[in-house]
Number of protein chains: 2
Amino acid sequence: MAIWLEQASDDFEAKFSAFLSTKREVSEDVNVVVRAIIDDVRARGDAALLEYSARFDGIDLGETGIRVSDADVDAAVAETDPKVLDALKFAAERIERHHARQMPKDDIYEDAIGVGLGSRWTAIDAVGLYVPGGTASYPSSVLMNAVPAKVAGVPRLVMVVPANGGRINPAVLAAARIAGVSEIYRIGGAQAIAALAYGTETIAPVAKIVGPGNAYVAAAKRHVFGTVGIDMIAGPSEVLVIADRENDPDWLAADLLAQAEHDEGAQSILVTDDAELGRAVEAAVERQLKTLSRSQTAAASWRDFGAIILVPDLKACLPLANRIAAEHLELAVADPDALLPGIRNAGAIFVGRHTPEVIGDYVGGSNHVLPTARSARFSSGLSVLDFVKRTSILRLGPDQLRQLAPAAITLAQSEGLDAHARSVAIRLNAFPDSDGG
Amino acid sequence: MAIWLEQASDDFEAKFSAFLSTKREVSEDVNVVVRAIIDDVRARGDAALLEYSARFDGIDLGETGIRVSDADVDAAVAETDPKVLDALKFAAERIERHHARQMPKDDIYEDAIGVGLGSRWTAIDAVGLYVPGGTASYPSSVLMNAVPAKVAGVPRLVMVVPANGGRINPAVLAAARIAGVSEIYRIGGAQAIAALAYGTETIAPVAKIVGPGNAYVAAAKRHVFGTVGIDMIAGPSEVLVIADRENDPDWLAADLLAQAEHDEGAQSILVTDDAELGRAVEAAVERQLKTLSRSQTAAASWRDFGAIILVPDLKACLPLANRIAAEHLELAVADPDALLPGIRNAGAIFVGRHTPEVIGDYVGGSNHVLPTARSARFSSGLSVLDFVKRTSILRLGPDQLRQLAPAAITLAQSEGLDAHARSVAIRLNAFPDSDGG
């Protein structure tokens, strides 16, 4: 049973605020352990990787090697259901086509007084991609992280994935092959993050690390941030479904449960102006729950964090939606375009009754790595922009310098920075041989 | 005396690697203190702000108020040298014009099978801007942080600045007025970051915090990251000057010292193919050092972290420059365009002898908030992109759903996610009333 909130009731604001600030993540304090592991990998390199992989993953890397060989990947591809391979290729192509449009363009220009200004984009030289082991080892996530990096032109894309009990999900290796990952290592946890950030004898360091992981991986990414870049720290998934009365309750229930089955901390919220629909969806959720293989997870998520919010009319829910800032937002209404412009904060919006969020998880073409836990208020989903960086370019000749110098000197002096002022002033007495730039 | 490195010598790689990994920042472990302050501000709000401001800034906020009034800003503007005001306005206009070109465009389109896809950009609702007190309270930094936020369309831009001993640099308040800052509070330190992230009785919370600060501010930003967005954590400044023999050593010495005077941890590096020029620059640095008001700081920086790197030819220095990944890179050479394409990692490039880095600090139009400590390998300077976020949009009708469904269902089933598969499959038996989106 999810909670019910009614916007029209007197205590709604208090209840809604409390609902918004509910923490859905157990934040284990793993920092001490993680720091020790990172220090150890920095100090001992491969030897530390072997030790931690034996302890945590039950695998002897001395025997298997740290690197997953091309032959290993060939074998994994052969082992993968051809129907799944085709679906992965279909998804990869759609993801690639959409992300190609995101590549930012250089902008080099001269302003009115002849100052050359520019923004130049280049791919990051080397990127690490973390892929979890076990049940959360999703080939679709490999595509969502790796394809944009390839589109950006990242020359070296390194994947790490723990081989729990010696085994890596073959579809994950197949997805890596399809996406064009350059190197794969069978390591995971904080030790894998340390290896990517600092390098070992076998693994050359990267400049940025992306991809989801458990509390240890997240803490390790926070620790190495600065030495390398990191993507956002992903929390449990969430969906907000805004629905009018004209919906099939079973469709909506399926969407809510698709989110809930991810994780006990996942959150599914239905907003509707029709109490009857709300009750029908609730009943449908209970019915469908019984048939799911992951019903325990989904039931816990729905019970602890699910919500049905009743609003007097759907326009009134826009401020609520913007405060929730959901990772995924479905507009299951007759006229979605009436609501769309009012939604400022959302990772992704799924427009209309025939766009279940799940399409975006796999084959829509857009990215499924999206900001969770209200961070859509200030951040965006993964894109090509996460794999490039911008260098700004400034170019003055003597004329331009003369025009800009007085203001620069005034500001430098007012900030008490003499050498700054001199660096400009000294060039105003240009000498004949110095016009080479 | 800076260190000399020669690329042609046998031990260059070892020395250069050691040089690259030299830590220039004293990393005080302030986390315990900072966490206590943040918790206290969350618990006690304004009362905690009053207490910390009395203790750390020597100011009674109960008397002055937490908020800087419009009249206070009027007074500060009146107190500021009109020449400085004009220079600030001149700089703000150039910054605004350049940054306006960075505004990303929405991209909403239909693909070949009629799937609607889109990237929609919106400004962040509320942004906090931290401005340090004391000698590092730079009006130019107010412009560099605030103007891009305004260009992005951020409706609420909140500045915090500590009033050390009761006083705020009037030029900082004037710059805030020029840039269009919406609210100003006279608080600083970790307590100001906590107030921005969580809000107090007086201060409504923001969604993202930008701006430089000391070790306490940096640690506080790391702590609140997730609750709000943050910009990069800036380290000490650095410049890499690539110079041929045709330079006036005094110009280059001035540029190196402009960086060195910022901070004892700042770093100035000269790369040249001409040993004689190197020696001449070194002598010029020593001469100019004597005349600087901040000569102690600059001398310490140059002594501890300055370097002159001698290379056999200038093309050979490109791999070094890319490993250094300098915040600022000057190309003081006859043909800068021969080197420009080879530089992949740099925050900003200053092209030609008449483009001292200092122009970029103030009036070039580009941003002076740039990635330090080698982070230009994976990140970019501050831009309009830091103040917007992207929502992705997906829109399918029944036809498109039918075409994408099989691959989505295959992938969902292969990942063991039943409810995902059902959310798509259930819609394939469309019923008559459900084509509303």
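Start at the boundary of the two chains, where 10 salt bridges are counted between chain B and chain A, a salt bridge being a side-chain nitrogen of Lys or Arg within 4 Å of a carboxyl oxygen of Asp or Glu. This is a predicted model, in which local features need pLDDT of at least 70 and side-chain atom pairs count only at pLDDT 80 or more, while totals for chains, interfaces and linings use all residues. Residues are numbered from 1 along each chain as its sequence is written, chains are lettered from A in the order in which they are written, and side-chain values use heavy atoms, with hydrogens and water left out.

Select A:Asp111 and B:Arg94 next, whose side chains meet in a salt bridge at 2.7 Å, N to O. Then move to helix 17 of chain B, residues 398-414, which with 10 residues gives the most to the side of chain B that touches chain A (helices are DSSP runs of H or I, at least four residues, numbered from the N terminus).

Now show the whole interface, where 127 residues of chain B are in contact with 127 residues of chain A, contact meaning heavy atoms within 4.5 Å. The area buried between chain B and chain A is about 11200 Å², of which carbon and sulfur atoms give 55%; buried area is the accessible area (1.4 Å probe) that two parts lose on being put together, summed over both.

Definitions and conventions. Helix = DSSP H or I, 4+ residues; strand = E, 2+ residues; numbered from the N terminus.
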